[in-house]
Amino acid sequence: MTDKPGIVITGASGRMGQMLIRTVLDSDKARLVGVVERAGHDWVGQDIGAAMGGAAIGVTVTDDALEAFSKAQAVIDFTAPEATLEFAALAAQARAVHVIGTTGMSEAQIARLEPAARHAVIVRAGNMSLGVNLLVQLTKKVAAALDEDFDIEVIEAHHHHKVDAPSGTALMLGEAAAEGRGVTLADVSDSGRDGITGARKRGDIGFSAIRGGDIVGEHDVLFAAAGERIVLRHMATDRAIFARGALKAALWGQGKDPGQYDMMDVLGL
Ligand SMILES: NC(=O)c1ccc[n+]([C@@H]2O[C@H](COP(=O)([O-])OP(=O)(O)OC[C@H]3O[C@@H](n4cnc5c(N)ncnc54)[C@H](O)[C@@H]3O)[C@@H](O)[C@H]2O)c1
Ligand SMILES: O=C(O)C1=N[C@H](C(=O)O)CCC1
């Protein structure tokens, strides 16, 4: 027996799932106790090491999430909104910390996490990297220092497989800009411009999304005024930054009171 927290990774075959599995296996602070994939996936029933193209490691991919979670102290979940809601209820039942990296959740879906958060710790963030969470704070500060003479635009770029837009990170940056400016994002958000849109409305926060190739994730926050522009930029070149942040959150959540937290809590920013 060991007192290192046992971690389950959901979405085991996904881009982030595989990165998370490697990150936990490489860590001396946690151990991998289970991996979950959706029912019917080829990998279910296989050893995860072998499924990922290496040596067997003695952990079998399962589609029985509750059974896997019952052996874990934390579940790290980068999957899809409805799967994440199901996992939240099961992680709460198992009293495991649930680290949620899944993006594209609607406000209604986010509200459905509340019952689970009464029983277990949930850490959720649209971006788990240290760099982006620092950028969020910088964005809030710059937005607070400038008035509406500066138009704020969030521009993001991701790989061609990404299914949601604006990205979770872009929304975090938009929220930070709105908070700095003392407004509600929903009242000023302008995304998906197409056709005769009319001139830009003063005070709006705009979003643009680029999708192409294997871009891991790039975000600019542009403050554009007459005669000058400020650009705050983060460029991710390796998904390991998200996985490291998620593992940090899983360890940080041990022994915390039930409730919903984010990476600002984890990183103390
Ligand atoms: N918060 C962050 O730092 C961060 C970073 C990267 C990606 N993401 C988000 O993580 C999510 C996954 O991204 P990805 O690029 O790994 O996607 P992906 O499509 O490569 O992987 C998703 C995985 O989830 C699995 N899945 C879906 N439904 C499931 C279910 N019911 N049970 C078990 N597994 C299920 C899929 O089979 C797949 O393996 C996206 O929402 C993405 O935006 C967040
Ligand atoms: O690859 C993705 O998908 C990413 N999703 C997050 C987002 O929506 O911001 C973080 C960056 C990578």
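Let's start with the contacts of His98. Leaving aside neighbours within four places in sequence, His98 touches Val75, Asp77, Thr84, Phe87, Ala88, Ala91, Val121, Ile122 and Val123. Keep in mind that this is a predicted model.

Where does His98 sit? It is in strand β5, which runs over residues 97-100. Is His98 buried or exposed? Its relative accessible area is 1%. The cut-off for buried is under 20%, so His98 counts as buried.

Now pick out one partner from that list, Asp77. The side chains of His98 and Asp77 make a polar contact, at 2.9 Å.

Next, ligand 1. How many residues surround it? The number is 21. Closest are Met16, Glu37, Thr103, Met128 and Lys162.

What is the shell made of? By class, nine residues are polar, seven are nonpolar and five are charged. α1, residues 15-26, supplies at least two shell residues. α4, residues 81-93, also supplies at least two.

Now the polar backbone atoms around the ligand. Take Gly14: a polar backbone atom there is 3.2 Å from an oxygen atom of ligand 1. At Gly126, the ligand atom is a nitrogen, and the distance to a polar backbone atom is 3.2 Å. Then Met128, which we met among the closest residues. A polar backbone atom of Met128 lies 2.9 Å from an oxygen atom of ligand 1.

How much of ligand 1 does the protein cover? On its own, the ligand has 870 Å² of accessible area. The protein covers 81% of that.

Key. Residues are numbered from 1 along each chain as its sequence is written. Chains are lettered from A and ligands numbered from 1 in the order in which they are written. This is a predicted model: local features need pLDDT of at least 70, side-chain atom pairs count only at pLDDT 80 or more; totals for chains, interfaces and linings use all residues. Side-chain values use heavy atoms; hydrogens and water are left out. Helices (H or I, at least four residues) and strands (E, at least two) are DSSP runs, numbered from the N terminus. Buried means under 20% relative accessible area, exposed over 50%, partly exposed in between (1.4 Å probe, protein chains only). A polar contact is a pair of N or O atoms within 3.5 Å; within protein, one must be able to donate a hydrogen and the other to accept it, and residues adjacent in sequence count only if both atoms are side-chain atoms. Contact means heavy atoms within 4.5 Å. A residue is near a molecule or strand if one of its heavy atoms lies within 4 Å of it. Accessible areas come from the Shrake-Rupley method with a 1.4 Å probe; for residues, only the protein chains shown count as cover. Ala, Val, Leu, Ile, Met, Phe, Trp, Tyr, Cys and Pro count as nonpolar, Asp, Glu, Lys and Arg as charged, and the others, Gly among them, as polar.
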